[in-house]
Amino acid sequence: MNASKLLSPIAAVFALLTMICMPAQAADEVMRVGTDATFPPMEFIKDGQRTGFDVELIEALGKQMGKKVEWVDIGFKGLIPGLISNRFDVAASAIYMTDERRQVVNFTDSYYRGGLAVLVLKDDTTINKPADLVAGKKVTAQVGTKSIEFLKNHYPAVQVVEVEKNQAMFDLLTIGRVNAAVTGRPAAVEYAKSEPRVRVLDEGLTTELYGFAIRKKDTELAQQMNQALQTLRNNGEYAALTLKWFGTTKE
């Protein structure tokens, strides 16, 4: 029997199997991450590039896990639906780990502590604490966030003005179309640094934990991310990121 004739079909089958397996292997090496990059200092666009605490932390986690990160841009209200429908593997966009969200997705270990804060115009003397959000006040917040539900449940007398993007919320406040804006404290503080006409109330509305959202079935990915996050905490990379973006190593 001619050995070359015998090996030829075997080689062809082997090559075919290799081609079939390669895409699956490549997919395992990629982590698709959905984000709404409009929320500095957590995630935003600067000079045409994504940056921010969440962005750099995800990139560091991906490197630790041996995965290439591919970003998917999507509005905040589409993050959880997009994750569930397999548009991406992880949702990373300053997402609070709420009981409502836990009903449909899982979260990694918490990676930062935040909470809802109130932004007002600096010369507005009628709002100095959350209790001053009374009837007649207009308060803006981003759709799909906890801010909307919290305002409706705890401050039903105010008029809630919903906007699609975080920047639109800030714009409404600075031009005087609303009396206050409610958003995450990191974003509120960051905006107040660059806009001298606004201030953040000292008293916050809530204390929250941020987590990266993952599909419930992806338990292995959650374990990998948690292990990588712990490694970054142990080797000092996490502390370096918090110092860079928040000016402190405290979570």
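Two strands count as paired if DSSP finds at least two bridges between them. The exercises below apply this to a predicted model.

**Exercise 1. Determine which residue of S3 is the bridge partner of Thr38, and how S2 and S3 are arranged.**

Solution.
1. Strand S2 covers residues 38-39 and strand S3 covers residues 43-46.
2. Two bridges link S2 and S3, and the sense is antiparallel. This meets the cut-off of at least two bridges.
3. Thr38 has Phe44 as its bridge partner in S3.
4. Three residues separate S2 and S3, and the two strands form a hairpin.
5. The loop between S2 and S3 contains Pro41. The peptide bond leading from Pro40 to Pro41 is cis, its omega being near 5 degrees. For comparison, most peptide bonds are trans.

**Exercise 2. Follow the chain from S3 into S4 and find which residue in the turn has a positive phi.**

Solution.
1. Strand S4 spans residues 49-51 and runs antiparallel to S3, with three bridges joining them.
2. Ile45 is opposite Arg50 of S4.
3. S3 and S4 make a hairpin with two residues between them.
4. The turn holds Asp47, whose positive phi is about 55 degrees.

**Exercise 3. Locate the largest nonpolar core relative to domain 1 and domain 2.**

Solution.
1. The largest nonpolar core has 50 residues. Those that touch the most other members are Phe53, Leu57, Ile58, Leu61 and Met225.
2. Helix H2 (residues 53-65) gives this core its largest share, seven residues.
3. Domain 1 (28-111 + 208-244) and domain 2 (115-198) both contribute residues, so the core lies between them.
4. Take Phe53 as an example, leaving aside residues up to four places away in sequence: its contacts include Pro41, Met42, Tyr111, Tyr112 and Trp245.
5. A separate second core has 14 residues, among them Ala117, Met169, Ala188 and Val200.

**Exercise 4. Decide whether Arg101 is buried or exposed, and check for a salt bridge.**

Solution.
1. Arg101 belongs to helix H4 (residues 99-102).
2. Arg101 is buried.
3. The nearest side chain of opposite charge is that of Glu100, 6.6 Å away. A salt bridge requires a side-chain nitrogen of Lys or Arg within 4 Å of a carboxyl oxygen of Asp or Glu. Arg101 has no salt bridge.
4. Not counting residues up to four places away in sequence, Arg101 touches Phe76, Ile95, Tyr96, Phe107, Gly144, Thr145 and Lys146.

**Exercise 5. State which residues of helix H5 are buried and which strands they pack against.**

Solution.
1. Helix H5 comprises residues 146-154, and its buried residues include Ser147, Ile148, Phe150 and Leu151.
2. An α-helix has 3.6 residues a turn, so residues three or four places apart point the same way.
3. The buried residues of H5 pack against strands S9 (116-121), S10 (138-142), S11 (159-163) and S12 (180-184).

**Exercise 6. Classify Asn86 and Ala94 by their accessibility.**

Solution.
1. Most residues other than glycine have a negative phi.
2. Asn86 has a positive phi, near 70 degrees. Asn86 sits in the loop between helix H3 (79-84) and strand S6 (90-91).
3. Ala94 also has a positive phi, about 50 degrees, and is placed in the loop between S6 and H4.
4. Buried means under 20% relative accessible area, and exposed means over 50%.
5. Asn86, at 38% relative accessibility, is therefore partly exposed. Ala94, with a relative accessible area of 8%, is buried.

Definitions and conventions
Residues numbered from 1 in each chain as written. Predicted model: local features only at pLDDT ≥ 70, side-chain atom pairs only at ≥ 80, totals over all residues. Heavy atoms only, no water. Helix = DSSP H or I, 4+ residues; strand = E, 2+ residues; numbered from the N terminus. Core = buried A, V, L, I, M, F, W, Y, C linked by side-chain atoms within 4.5 Å. Buried < 20%, exposed > 50% of the residue type's maximum accessible area, 1.4 Å probe, protein only. Domains from an automatic or database assignment. Contact = heavy atoms within 4.5 Å. Lys, Arg positive; Asp, Glu negative; His and termini not counted.
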